[in-house]
Amino acid sequence: MNSYDLIVIGSGPGGYATAATAAAMGRRVAIVERDLLGGTCLNRGCIPTKALCRSAEMALMMPKAQSLGVNIDGYSLDYSAAAERKNSVTDTLREGVATVLKDVEVLHGNARITSGDTIEVNGELYQARQIIIATGSRPATLNIPGAELAMDSDRMLSATTLPKSIAIIGGGVIGMEFASILNAFGVTVTVLEYCPEILPGFDEDVAKRLRMSLKRRGVSIVTGAAVTSITPGCTVNYTAKNKEKNIDAEMVLTAVGRRAVLPEGLDAAGVATDDRGYIITDEKMATTAPGIYAVGDVNGRCMLAHAATAQGRVALGLHQRLDVVPSAVFTTPECAMVGMTEQQCRDRGVAYRAGNAIYRANGKAIAMDEPDGMVKILVDEQSDKILGCHICGAHAADMVQEVAVAMSAGMGAGMLMATIHGHPTLSELIVDAVSKAMG
Ligand code: NAD
């Protein structure tokens, strides 16, 4: 039998980064993948959508070009070219993953767990002292009549042409990213969101700002809408404010969350799942079966690529904090957050001070012609501990990282404020927001 120190199942950011790190530590490692290297993030998620977001950003910039002194005599949008570029971006990065895995044995096939320390791939058995399951997630399907008439994000990302109109069910992270991209490419977009506001879990002012911004771009957003069925011809039926309504669109996309993808053989190995179908793990990412660990979407702790990678380090026994996790939505404008929202502070009875700064008052933002945005910082009322940061505006995802580092290092708001921030930069907005919170 082939023996390893570690076998990783799944080559997304939870799997490949963990396998490569373990190999660099001198362990004998194998990784099993039945599809393309890179997992959802690289092939059907973060990276392809970000390539399309860039095309969308460019498309949105074009009408403003002349006012910035760049005359464009007639331009047109070509989604198939954007899709082709997206594919070349993912191809390039997939080669990068293969390089990262140079010291890891890559097994192509479906892994089935046969016991606590053995798996089977293509009829062969492989044994290891540690097995890490990193099999990820797939789009959830709606349990309503006609659900099969809708596309999911996987299929949407493989499209090379676009419909004239689309109804997006779900105004979460994926729904809003697609709404932003498709609107930029001229598609008539309607978003139907069940909750009272889009982006549940994000700061309410950030979500509202994004909703208003997308509305100004012509995206129709219906909140408090419970979709009940889809009928042939792509009519989406929903109830809102106790009234039955419907909209017609050429295409329907569902973005209503994701579900764990479980490898075969969990029962045989004694790996337990919870009632939502995620693998149960402890704080070391150990499952209920000795020697078997689970990281990333499959354990349902935090469905973000970087969280999966960090959990992989924990599974290897390396030092890694998991309590400060920045997250972002790559719409135009971008949204990002780290730490607690105001709602979470209220729910947990944490007294806080909030400070807001607006992009419109920032020199760099005005020079960039990006005046639409805000930064909000939450600081503990008793101490100067930073509780959270919420941004809607250009480069939000990059900016929030500064606050994540400060929070991770236990740096107080006073120290953040005392740090000189270069001028003119968007990061000055962070200092402005902190100083407003500090009064
Ligand atoms: P989500 O949970 O973020 O949002 C799903 C939305 O669908 C929710 O707002 C929910 O209220 C709504 N919904 C559910 N049923 C509905 C119905 N019948 N009618 C109307 N609305 C309905 O899920 P997602 O957007 O599919 O994303 C899945 C996961 O992937 C998330 O955990 C997300 O964090 C992660 N992800 C992250 C990024 C990123 O960080 N940029 C990008 C993509 C995905």
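**Briefing: helix packing, ligand shell and backbone features**

The axes of α3 and α6 cross at roughly 45 degrees and come within 8 Å of each other; axes here are lines fitted to C-alpha atoms, for helices over the stretch in contact, with angles from 0 to 180 degrees between N-to-C directions. α3 is therefore oblique to α6, where angles under 35 degrees count as roughly parallel, over 145 as roughly antiparallel, 65 to 115 as roughly perpendicular and the rest as oblique. The model is predicted: local features need pLDDT of at least 70 and side-chain atom pairs count only at pLDDT 80 or more, while totals for chains, interfaces and linings use all residues. Residues are numbered from 1 along each chain as its sequence is written, and side-chain values use heavy atoms, with hydrogens and water left out.

**Helix packing**

- Helices and strands are DSSP runs (H or I, at least four residues, for helices; E, at least two, for strands), numbered from the N terminus.
- α3 passes α6 in a left-handed crossing; a crossing is left-handed if the near helix is turned anticlockwise from the far one by less than a right angle, and right-handed if clockwise.
- Helix α3 (residues 46–61) also packs with helix α4 (residues 79–100), at an angle of about 140 degrees and with axes 9 Å apart.
- α3 and α4 are therefore oblique to each other, and their crossing is right-handed.

**The ligand and its shell**

- The ligand is surrounded by 22 residues, of which I174, E177, E193, G257 and A328 are the closest; a residue is near a molecule if one of its heavy atoms lies within 4 Å of it.
- By class, this shell comprises 16 nonpolar, three polar and three charged residues (Ala, Val, Leu, Ile, Met, Phe, Trp, Tyr, Cys and Pro count as nonpolar, Asp, Glu, Lys and Arg as charged, and the others, Gly among them, as polar).
- At least two shell residues come from each of α6 (173–184), β9 (188–193) and β11 (225–231), and α6 gives the largest share, three residues.
- For E193, a polar side-chain atom lies 2.6 Å from an oxygen atom of the ligand.
- Taken alone, the ligand exposes 840 Å², and the protein buries 77% of that (accessible areas come from the Shrake-Rupley method with a 1.4 Å probe).

**Backbone features**

- Most residues other than glycine have a negative phi, and most peptide bonds are trans.
- The peptide bond from T332 to P333 is cis, with omega near 0 degrees; P333 is in the loop between β17 (327–329) and β18 (335–339).
- H423 and P424 are also joined by a cis peptide bond, with omega about -5 degrees, and P424 sits in the loop between α13 (413–418) and α14 (428–438).
- N122, a residue other than glycine, has a positive phi near 50 degrees and lies in the loop between β5 (118–121) and β6 (124–133).

How values were computed. A polar contact is a pair of N or O atoms within 3.5 Å; within protein, one must be able to donate a hydrogen and the other to accept it, and residues adjacent in sequence count only if both atoms are side-chain atoms.
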